[in-house]
Amino acid sequence: MKCQRVMGILEKLAPKRLAEHWDNPGLQVGNPEQKVSKLLVCLDVSQPVVELAIREQADMIISHHPMMLFKGLLPIRTDSYDGKMLQTLLSHNIAVYSAHTNLDIAKGGCNDILAALCGLERVEGFAPTEGDAEESMGRIGYVRESIPLEQFANSLCQKLNTSYVRLVRGGKATVGKVALCSGAGADLISKAVFRGADLFITGDLKYHEAQQAFKQGINIIDAGHFATEFPMVKALAAYLRDELAKTGEQLEVIEDDISQDFFQVINREN
C-alpha cells in the first residue's frame, strides 16, 4: 500500500483543515508514493520509538505530536537528538505522519476518547474553534450518577493507567457535569465554568491557572499531558485496523507499548 493511501484513511478521521493555524500536522518524513506494509502508532516520535519501528520492521510511524511542531529543524545536525533521529528514519526509509490538533478536535479523536474513558454521556463540544463554531477543542458531558470528587479522581487514575493525578478542590464535593481537554487545555477553564461544569480535566496545569480555577469555583484534575493523550494510541490503531478490514487491504498495525510519561513521582523518604 502507498503511504498516500494511509494518509487518506487518517484524514478521513481527522481532516487537516481542522488543525490550529500554528500546528504542523501531516507527512513529516517520507514520500507519499512510497510503499508501506506495517504501521506503528505512537504519541511521540522518540529515539526508542524509532528503534522499536526498526525492530518490528514497520515502515511508517503514525504519531499524535509532530516531530517539528513550531519550527523547522534547521540546521539538521546529526549530533543532536532530533537530527540523529531524522537520519535514522531516512536511512531506514521509515515515513512519519502526524495528526495533532486536527485529531484533538475531530469527532472520535483524542477528546472523545478521553470522554469515553471518563464514562461521560450526552457529550458535546464546549470550546468552538476560531474558524468553525461546529468544531470544538474541548468536550463536556455528564457522569451517569453523581460521584464524590475524590472517588472520581481515583477511578480516573485507574482508567488512564497513571499512578497519580493532581486535584484542585475549587468547587462542589460531588461530580455530575464534567468538561475536559486532553493534553494542555488550561485556557479553557473559564469556558468550562461558563458551561456549568463541576470538574475540568486536562494536563499541564500551572500554579496560577489552578489559583484561577479555585477562585472561579470549579474543581480541576490535572491528569498530565501524557496520560490524557496516550489512550489515543490504542484507539487510533483500532480505527486503522477497522478501516483496512472494510476494504480487505493487508497492512499490519502495531502500537507503541514502551513509551512512558517524562514526569515521575519521587516520594519523600521518612
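**View A. Helix α2 passes helix α3 in a left-handed crossing.** The model shown in this and the following views is predicted. Helix α2 covers residues 47-55 and helix α3 covers residues 81-91; their axes come within 10 Å and cross at roughly 10 degrees. Because angles under 35 degrees count as roughly parallel, α2 and α3 are described as roughly parallel to each other. On the α2 side the contact is made by Q47, P48, V50 and I54, and on the α3 side by Y81, K84, M85, T88 and L89. Sorted by class, the residues of this α2-α3 contact are six nonpolar, two polar and one charged.

**View B. Helix α1 packs with helix α10 at an angle of about 115 degrees.** Helix α1 spans residues 3-13, helix α10 spans residues 231-247, and the axes of the two are 11 Å apart. The crossing of α1 past α10 is right-handed. From α1, the residues in contact are R5, I9, L10, K12 and L13; from α10, they are L236, Y239, L240, E243, L244 and T247. The contact of α1 with α10 comprises seven nonpolar residues, one polar residue and three charged residues.

**View C. Helix α5 packs with helix α10 at an angle of about 110 degrees.** Helix α5 is made of residues 110-117, and its axis lies 10 Å from that of α10. This angle makes α5 roughly perpendicular to α10, since the range for that term is 65 to 115 degrees. C110, I113 and L117 are the α5 residues shown, and they meet P231, M232 and A235 of α10. By class, the contact of α5 with α10 has six nonpolar residues, with no polar and no charged ones.

**View D. The second largest pocket has a volume of about 490 Å³.** Rolling a probe the size of a water molecule over the atoms shows where empty space is left. The lining of the second largest pocket consists of 20 residues. Nearest the centre of this pocket are L160, N161, T162, F226 and A227. Helix α9 (225-229) and helix α10 each supply at least two residues of the lining. The lining of the second largest pocket divides by class into 10 nonpolar, six polar and four charged residues.

Terms used: Residues are numbered from 1 along each chain as its sequence is written. This is a predicted model: local features need pLDDT of at least 70, side-chain atom pairs count only at pLDDT 80 or more; totals for chains, interfaces and linings use all residues. Side-chain values use heavy atoms; hydrogens and water are left out. Axes are lines fitted to C-alpha atoms, for helices over the stretch in contact, and angles run from 0 to 180 degrees between N-to-C directions. Helices (H or I, at least four residues) and strands (E, at least two) are DSSP runs, numbered from the N terminus. A crossing is left-handed if the near helix is turned anticlockwise from the far one by less than a right angle, and right-handed if clockwise. Contact means heavy atoms within 4.5 Å. Ala, Val, Leu, Ile, Met, Phe, Trp, Tyr, Cys and Pro count as nonpolar, Asp, Glu, Lys and Arg as charged, and the others, Gly among them, as polar. On a 1 Å grid over the protein atoms alone, a cavity is a set of points where a 1.4 Å probe fits but cannot get out, and a pocket is an open set with protein on both sides within 12 Å along at least five of seven lines; lining residues have an atom within 4 Å of a point. Grid points are joined across faces, edges and corners, and a volume is the space filled by probe spheres set on the points. Angles under 35 degrees count as roughly parallel, over 145 as roughly antiparallel, 65 to 115 as roughly perpendicular and the rest as oblique.
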